[in-house]
Amino acid sequence: MTAALEVEGLNRSFGALQVTHDVSLTLERGARRALIGPNGAGKTTLVNLITGALMPSSGSIRLNGEDITKLSQEERARRGLARTFQINQLFRGLTVLENICMTIGERDGHCNNLWRSAGARRVVIDEALDHLESLRLVDDALKEVRELPYGRQRLVEIAIALAQKPRVLLLDEPAAGVPSSESHLILDVVAGLDPDIAVLIIEHDMDVVFRFAQAITVLVQGAVFTQGTPAEIMANEQVKAVYLGQDGHHGGGHG
Amino acid sequence: MAGNDISSGPGNAGRAQARHEAAEFLLRRHRFRPAEALPWLIAIAAFFVFPDRMTFGSQVLVMILFAISLDLILGYAGIVTLGHAAFFGVGAYTVGLASARLGWTEPISGLFAAAIMAALAGFISGWFLLRYRGLTLLMLTLATAIMILETGNFRSDITGGYDGMPGLVFQPVLGMFEYDLYGRTNYLYALAVLAVVFFFVRRIVYSPFGQALTGIRENVRRMHAIGSPVHRRLVTVYTIAAAIAGVAGALFTQTNAYVTLTVFDFDTSAKVLVMLILGGTGRLYGAFIGAAVYLILEDHLSKLSPTFWQFGIGILLLVTVLFARRGILGVIEDLGRFRSWKGRIRMVPGRIVWSNVQWKGIGMAAFDGALIGLAVGFAANVGRTNLLWSWFVTEPLSVLAWTAAGAALVAAINIGYLVYAERSATGSTPR
């Protein structure tokens, strides 16, 4: 069986600054992998490289066995690669329901239609409402996104990604900016995701990481520092050193 | 289904209700509302009430059409442009040159030719320009319009340069309707074209494609991430808007029977932008209100003070962008809502207790109504063209009556809403 996502030897530089250094990682179908690392390790850059928001200097990316390295962001998204953003990227002036309907419309190619009215497709509306219902957002369906509290907006981020019916989902700090009293709601959603979707989650909260992930990749200064099961990572002294020493020096020898 | 129920919600019946309401909202949104008949009724009424001002009326209709084309790209897709006159000019010169140089004088086929030429210009320039956004795009659109203008200037042997091509001849519309001295045929012709194009634009705006455009306006990064072919969408709408601007330009030439290079001027691009912002962007009818208010004001003010009239327009624009960001139409929309409810009608609590009624909200709305009444009364008095109810348009004191009528009307609408909400509310939805 081909892996859902295979990243091999990915490099990216901004001028002289190499932000991604020979990164390889694999997501099997239905994988639950966490990507951790200190601030500035290049986690979000890696997500941008995988989704095509940035193009790699070298290396390859395969989605379900197909080489997508040269494809645009749009083409990758339509092949089943979805992401959420660390800082909300939503259609703030539109209602929650419209946010989801638009996603479905773009996914299924309805948005090429200039003539038929958007509301005439009952199937789309029903599917959108199903997505909202699964995230308990139905009551907010007709509210404009900007009227919602931040935590609910984070759920809309996830709802949009799910409405893309992705094979691979990249979650960039889904609970970032949400008060801890509400973050459990988001993490419940993450924990309850369809087991067929391969998920890569960037997260700082170690409790979440250890609870959610079957595998962990540690990224330091743009390179894969180590990979392993949660138990292995937890026991790894060097990882601890990197995390504890992130404000000062980076410990001694790298493994 | 991708997701799972996290837990059972606050009652299935409530959720089913919420689902139903949400679906109904989208299902109904594109339907025609009674208020949408209003601009058309006014346009038709104007034909009978101001029979001697039809040339001016045609100009208003042409600019409405032009402003609608701009609304499609600016209001919906969020494309900022200062070169929209380029397409207006291409359309205007297509029928002008066709008539003067080729003897092609049939008006309706002229409109189609203008649409095609302008669409071509829109497609080619859009393909290159729409990779950029913001200030860069603003400068590039401006530069494009200037380049087209200077091309026309360079070949003034063909285009007539800034002296233009006066005395153009066009066949009667549909071979039947001759042009008259008062421009009545022109007015009805322009109104018919406007209606057809507007219907077309309205379909687009409410289509999934139109939705995608608002998505691009709201958040282009997200559109890329959900797999939208953003550049293709933008080029498509830019081409359509260019075609419509071309039709407007062609109508301009046909109804005036002349055209000069001023149609390409920066002034033309800026003017249509001001009109649209005055009326309100991204709401279709903003173009109607903006173009009408701008041109009527220009007409009156330039009579009052031929050298100083732009001052009035300046003040109006200033007030609009400072206090009414969504334009005049936005203010009117607010009037229809109960201000102190802060939300929409559907969030209204189930029961209205009269002692709880926010009279202050009604008062504020009535004040807005009074302002509008005052404006209408003022305009009517300055115009003094209507002979039907002479007191209301010639007697200065009548302005007070207009003001009172506006206030009363808006207050009545608000109280009407209250009663309506009380009757139709099905259950309370605490915010």
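Biologist: What does the accessible surface of chain A come to, and how much of it belongs to carbon and sulfur atoms? And which strands of chain A form the open sheet, and in what order?

Modeller: Keep in mind that this is a predicted model. The surface comes first. Chain A has an accessible surface of about 10000 Å². Carbon and sulfur atoms account for 50% of that surface.

Now the whole chain. Chain A holds nine helices and ten strands. Its C-alpha trace spans about 65 × 40 × 35 Å along the principal axes. The radius of gyration is 19 Å; a compact globule of 255 residues would have one near 18 Å, so the value for chain A agrees with a compact globule. Of the 255 residues, 60% are buried. Take the contacts between residues at least 6 apart in sequence: 65% of them join residues at least 24 apart.

Four strands of chain A make an open sheet, in the order β2-β1-β4-β5. The pairing is antiparallel.

Start with strand β1 of chain A, residues 5-14. One neighbour is strand β2 of chain A, residues 17-27. The two strands run antiparallel and are joined by seven bridges. Find A:L10 and look across: A:V23 in β2(A) stands opposite.

How does the chain get from β1(A) to β2(A)? The two strands form a hairpin, with two residues between them. In the turn sits A:G15, with a positive phi of about 65 degrees.

Now turn to the other neighbour of β1(A). This is strand β4 of chain A, residues 58-63. Five bridges join β1(A) to β4(A), and this pair also runs antiparallel. Here A:N11 stands opposite A:S58 in β4(A).

Conventions:
Residues numbered from 1 in each chain as written. Chains lettered and ligands numbered in written order. Predicted model: local features only at pLDDT ≥ 70, side-chain atom pairs only at ≥ 80, totals over all residues. Heavy atoms only, no water. Rg over C-alpha atoms; globule rule 2.2 N^0.38 Å. Buried < 20%, exposed > 50% of the residue type's maximum accessible area, 1.4 Å probe, protein only. Contact = heavy atoms within 4.5 Å. Areas by Shrake-Rupley, 256 points an atom, 1.4 Å probe, with all protein chains shown as cover. Pairing = 2+ DSSP bridges.
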